[in-house]
Structure formats: structure tokens, C-alpha cells
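I opened a new structure today and kept notes as I went. The entries follow the order in which I looked things up.

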Amino acid sequence: IHPDFDERNLDFSSEKGQDGSQSSYVKACLSRYESALYRKESPHKPSPYLISKLHQYETLHKRCGPYTESYNRTIRKLEPGHMTHEHETSDNECKYLVRIPFDGLGNRMLSLASAFLYALLTDRVLLVYDNEGDTADLFCEPFPETTWLLPQDFPIRNRLDYLNQESPECYGNMLKHSGNSSFVYLHLIYTFNDYDKLFFCDQDQIFLQNVSWVIMKSQFYFVPSLFLIKSFEQELATLFPEKETVFHFLGRYLFFPSNPVWELITRYHRTYLEKSDEKIGIQIRIFDPRFLAAAFNFTTSTLEAVPDTILACAYDNNVLPRINPNGSLGSGKSKSVMVTSLTSKYYEIIRDMYWEHSTVNGDVIGVFQPSSEGGQKTGNKKHDRKALAEIYLLSLTDKLIISPWSTFGYVAQGLGGLRPWILHMPKNEIVPNPPCTQAMSMEPCFQKPPSNGCKMRTGVDSTGALGSYIRQCEDTSQGIKLV
Ligand code: GDP
């Protein structure tokens, strides 16, 4: 395949060997050069500035990555006795962002992309703590001739699992008790408090500039709040003239499925999707009612009305035709519907309906579901591979219906460059009217942005007002997203 695929692929790092062929880095990752065969060309183009920034980043990562001279020098700062205020970073010195994963795959991908953007903005090198080996198993190395995996012998590796809000290195804690340490830990998960949230303020970014090692645990797509930090505003505007393309580009740049996952994707695509005239994705994610009540203030009983809600959404928006009780086989288009869900019960209802009846316009509808895993088993390799394959397959569809509040669906929409229809979950067995809302943009939602802004800091309030390109999310009014 001609290296030109790189452009279509948004793989900005077309490393070539001396003979002009791709380097082993490209060859080792099948999805890196085959994905262009499966994806429609994106109507969006990355800005030249974004492309050059990514190239610069690749050079930085290669210079500062694991076991380079700079890395070996900088890890000494993590030895006991070193304090952040004692060693201001000098110009040529490398600074790092170590990322600790949290939660399911969708959350991990969104927060990893957010961490990468933060690293780009602050000239840090992103290193991924991959304790369970899932990142290495699921994704190709994104940066040429180096690794993004945190070395096994990283000095404080055995502490990373235990860092929490009580740790003396926790940024929020340091502010409360004016402590000092050899690194700073950022606690950006759902339990974060008002002090932890000051990370999103200008003044705090100034302090962090001089810290060599920043360690971050996050589960969120926190990019929208980076846009609300004044000192990043200009740079972000130049990087992303089209605001809604942030995850679309960063996700496509970072997340090339590993060869085993790519096999799952391509095999499924060839068998069930490729031959139809139109590909439709339906992502069904049912959360525990107690979680929904606590996190999104949504109450629900049983969910028997889910299939009818999905169908109502599909009919209203011309995604699927209604059935014709008296009709015979038509000669319309063929449509493949891929349903993803942890259970098969919703899918079976939709499948049977289109098998037992013809449709009003003669379209023939095939309904498939790759897996029904029963429950979330993050950390189990086979399970996670299927989860990534399904997210990716959803991103290859022409039209997408997703469930509210689910990062699994957000990743698919962003990678695919799709504006999906987001379901309204039924209450009391009644199909909501309308049954769904089309997303304003393909960007994921930051479900729990800081709401206090930076008011705790006198005189600064960068997050008080939403910018013209930041709106409330479609599926949760407390969330914000770029449009
Ligand atoms: P969220 O909880 O919906 O925001 O998404 P996450 O991806 O963060 O966590 C849910 C996890 O449950 C996924 O990563 C998968 O491990 C599993 N899961 C949820 N829905 C599906 C599905 O439709 N297919 C598969 N294979 N796994 C799923």
C-alpha cells in the first residue's frame, strides 16, 4: 500500500526506511496501514500546526523516552530527599506526565487522549503505567522508535497503585497543607474535591510548569476544561480551528488497534458489514440504577421499553424502516445493523422483528451482535480486545445510535467522526418523546467538569462562563462538551 494512506489515515508519522519503504514501526502494526481501507475518508483535515506539533512531540518523546540519557537523569529526582521546589526544571530538561488508568476501556481511552493533549500543551512526555499489560495488548505504540510504556523499573512504580487523595503528593492535599514532594499527583477521578479541581486554573498551571514529574489518575475526557484555561486558549485555537475535531484527530493518531484486535475487527467487518449497502451501529449500555441515580440523577425501573425506544429513534430519523405486516420480500437496499451490548436480550427482539417481517420500503435488514459478555470484565485480555474491536467497528458504521452517559459510545462517535443519535432512556416503561437527540458535535462529553471554577482563587475565574464553543452535554446537563 502506498505511503499516501498516511494522509487519509491521519497517521502523521509516516516514518520511512532508507529504501523508501515503511520502517518496521509501521509494518509491525497492521491497522496503521490497513485502516484506510475500512474507514471513509474524514471530511475534516488536521491543521498544519497540529501536524507539526505532533512531529515535534515525536522528536521530544524520542529524546526523552525511557532509558534515554535525559530520562535516566530525570528519574534521579524521584529519589528520596528530592523536593519539587529544590529543582526548578531547566530549559533543555525533559518533563514527564505519567498516566495511571482508571475504569473501563472507554474511560481509559478518553482520559488518555486528554492526558496526551495536556502533555502536548505543556511540553511533557507522556508515559503510560500499564500495570495489567492492557495498553500494550490493545494498542500499537503510537510514537516511532520509542515507547510510551512506563518502564518496569520506574523508581516509584510500586507506589502508583496506592496514590490517592490522602497521599502527601496529591496536588489538592499539597495546597491544603502547603506540602512539598519529589513529584505531584493529580487526582482527577469522580471523587476529586474542590482542591483537586484547581488543576484547571491558570495559577495552578504556572506552579506545575516547574515540576519534572506529574502523575495523573483520570477517568474523564477533561479536554473541554483545558479550553477554559486562559493560558492554553490561544494554542488550542491554533491547533484545532474546528473545535469538535479534538478527539477525532487525537484518537485516530493515538489508537491504532494491535494486530490481534485488528484481526477481530477485520474478520467481523468482512463477514457481517462489508457487503451491505449501509452499516448501522446501535450501542446499548444499561447502567446499574443506583449508579445512574447517584451519577446522573436519573431514576429508572426495569427497561422493557428499550427496544421500542431504539426503534422509535431509528424510524424517526430514517435510520431503519418500519415493518410491513402484510408485505413480501422487497428489493430495496440491504442494511447491516450491528448491535453492541453486554446482554443479548435487546438485540434478539430487534433481530426477530426484521426476520419475521418485511419492511415498508423493501429494505432487507440483517441484525447482528458480535458478543454478549454478560458483564464488564476490565483487565481480562480477551474481554478487553472484544470491547476495543466493538468500539472500533461501531466507528466504521455510516449511522450510529448510542446510549446516554456511556464513554464506550463516545469513543466510537469520535473515532468515526459521527454525530450519533443519543437515546433517551425510558422511564416507567414509556418510550420517551422524542426517543433520542442527535449529538451537536462528534466530541465526547466531560461528564463531571469542575463547577466551582477557580473562585477559590481570588481574582481568577476562568471556568465561570462557558465559551461560545462549549455547551452542556446532550445527555447530562452537568457535563460540558466542545461543539
Ligand atoms: P462506560 O462505562 O459505558 O462509560 O464505558 P467503559 O468502556 O468505560 O466501561 C464499560 C466496559 O464494559 C467496557 O470497557 C467493556 O469492558 C464492557 N462493555 C460495555 N458495553 C460493552 C459492549 O457493548 N460490548 C463489549 N464487548 N463490552 C462492553
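Entry one, contacts along the chain. I took contacts between residues at least 6 apart in sequence, and 73% of them join residues at least 24 apart. I note that the model is predicted.

Entry two, overall make-up. I read off 18 helices and 14 strands. The protein has 483 residues, and buried residues make up 45% of them.

I looked up the domain assignment, which gives domain 1 as 42-242 and domain 2 as 259-444. Their centres, taken over C-alpha atoms, are 34 Å apart.

I found 13 residues of domain 1 in contact with 17 residues of domain 2. On the domain 1 side, helix 6 (105-122) and helix 7 (134-138) each supply at least two residues. Helix 6 gives the most to that side, with five residues. I sorted the residues of the domain 1 side into five nonpolar, five polar and three charged.

I turned to helix 18, residues 407-416, and its packing with helix 6. The axes lie 7 Å apart, at an angle of about 50°. An angle between 35 and 65 degrees counts as oblique, so helix 6 and helix 18 are oblique to each other. Helix 6 passes helix 18 in a left-handed crossing.

Which residues of helix 6 and helix 18 make the contact? Helix 6 brings Gly-106, Asn-107, Met-109 and Leu-110. Helix 18 brings Thr-407, Phe-408, Tyr-410 and Val-411.

Methods:
Residues are numbered from 1 along each chain as its sequence is written. This is a predicted model: local features need pLDDT of at least 70, side-chain atom pairs count only at pLDDT 80 or more; totals for chains, interfaces and linings use all residues. Domain bounds come from an automatic or database domain assignment. Two residues are in contact if their C-beta atoms, placed from the backbone, lie within 7 Å. Helices (H or I, at least four residues) and strands (E, at least two) are DSSP runs, numbered from the N terminus. Ala, Val, Leu, Ile, Met, Phe, Trp, Tyr, Cys and Pro count as nonpolar, Asp, Glu, Lys and Arg as charged, and the others, Gly among them, as polar. A residue is buried if 20 or more other C-beta atoms lie within 10 Å of its own, exposed if 12 or fewer, and partly exposed in between; C-beta atoms are placed from the backbone. Axes are lines fitted to C-alpha atoms, for helices over the stretch in contact, and angles run from 0 to 180 degrees between N-to-C directions. Angles under 35 degrees count as roughly parallel, over 145 as roughly antiparallel, 65 to 115 as roughly perpendicular and the rest as oblique. A crossing is left-handed if the near helix is turned anticlockwise from the far one by less than a right angle, and right-handed if clockwise.
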